[in-house]
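Student: I would like to go through this model feature by feature. Please give me the general idea each time, and then the case at hand.

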Amino acid sequence: EVYVVNTGSSNVSVIDAERNEVVATIGVHGKPYFIDVSSDGRRGYVANSGSANVSVLDLGQRRVINTISVGRSPGLARISPDGSTLVVSNREDDTVSEIDAQTLAVRGTIPVCRQPEDIVILPDNSKAFVACSGSGQVASIDLKRATLLALLDVGKTPVNLAIKPDGGEIMVSNFDSDNISILETTTN
């Protein structure tokens, strides 16, 4: 299945990838911006940028099972590889919300840098890195303690992060610098 967030209609379309047809529509809150799916395919997490919350979806039952309040204008909701932690970038608050994916409770709200957006999480689930397009930085966050470890200066307007499969390095696309920064994750 393929899941598509529809910002204008505040819902998620479920597409059967074998039949190439929409098989369900799940209503969520205002202006959904991004969806991530747990590694087991059972849950979806939708950042609703117009509602300051995240919709948690049961993908098998095709329904919302919970709504979690976060900061203003959440951009992404990224689930950790082990499915234990949800990390949400709150673009207008310059914060990141860390959520326990089992209890669906917010563990902490971490001030980071201006306009946090893209998120990657290390394969060992220990850290998250968040690109902040408004400050030319990437935030390193300790997921065990819900704390900011470092703000790493990169180029202007970092918009996309890509992580190597081993988690050792992250590539940062710096939109307004016409370059890429490479971050070493163990030493920040």
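Student: Where is Pro81 found?

Tutor: This is a predicted model, and Pro81 is placed in the loop between S8 and S9.

Student: How should I read its accessibility: is Pro81 buried, partly exposed or exposed?

Tutor: Buried means under 20% relative accessible area, exposed means over 50%, and partly exposed is in between. Pro81 has 42% relative accessibility and therefore counts as partly exposed.

Student: Which residues does Pro81 touch, if those up to four places away in sequence are not counted?

Tutor: Pro81 touches Ser39, Ile121, Leu122, Pro123 and Asn125 on that count.

Student: What about Ser80: is it buried or exposed?

Tutor: Ser80 has a relative accessible area of 3%, so it is buried. Its place is in the loop between strand S8 (74–79) and strand S9 (85–90). With residues up to four places away in sequence not counted, Ser80 touches Thr85, Ile121 and Asn125.

Student: Which backbone atom lies 3.2 Å from a polar atom of the Ser80 side chain?

Tutor: That atom is the backbone nitrogen of Ser84.

Student: Let us turn to nonpolar cores. How many residues has the largest one, and which have the most contacts inside it?

Tutor: A core of this kind is a set of buried residues of nonpolar type joined through side-chain atoms within 4.5 Å. The largest one here has 14 residues, and Val87, Val112, Ile119 and Ile141 have the most contacts inside it. Two or more residues each come from strand S12 (116–121), strand S13 (127–132) and strand S14 (137–142). S13 gives the largest share, three residues. Another core, of 13 residues, lies apart from it and includes Tyr45, Val70, Val88 and Leu104.

Student: Next, disulfides. Which cysteines form one?

Tutor: A disulfide is a covalent bond between the sulfur atoms of two cysteines. The count here comes to one, formed by Cys113 and Cys132 with their sulfur atoms 2.1 Å apart. The pair links distant parts of the chain, 19 residues apart: Cys113 is in the loop between strand S11 (105–111) and S12, and Cys132 is in strand S13.

Student: Why is the disulfide of Cys113 and Cys132 called right-handed?

Tutor: The torsion about its S-S bond is about 65°, so the disulfide is right-handed. Cys113 counts as buried at 4% relative accessibility, and Cys132 is buried at 0%.

Student: Last, a sheet. In what order do strands S16, S17 and S18 lie?

Tutor: The three strands form an open sheet in the order S16-S17-S18, with antiparallel pairing. Strand S16 (158–163) and strand S18 (179–184) are the edge strands, since each pairs on one side only. Neighbouring strands of the sheet are turned by 25° against each other on average, direction ignored.

Student: How many bridges join S16 to S17?

Tutor: Five bridges join S16 to S17, and Pro158 stands opposite Asn174 in S17. S16 and S17 form a hairpin with five residues between them, and Gly167 in the turn has a positive phi of about 80°. Six bridges join strand S17 (residues 169–174) to S18, where Ile182 stands opposite Met171.

Note on methods
Residues numbered from 1 in each chain as written. Predicted model: local features only at pLDDT ≥ 70, side-chain atom pairs only at ≥ 80, totals over all residues. Heavy atoms only, no water. Helix = DSSP H or I, 4+ residues; strand = E, 2+ residues; numbered from the N terminus. Buried < 20%, exposed > 50% of the residue type's maximum accessible area, 1.4 Å probe, protein only. Polar contact = N/O pair within 3.5 Å; in protein donor to acceptor, adjacent residues only side chain to side chain. Contact = heavy atoms within 4.5 Å. Pairing = 2+ DSSP bridges. Axes fitted to C-alpha atoms, helices over the stretch in contact; angles between N-to-C directions. Disulfide = S-S within 2.5 Å.
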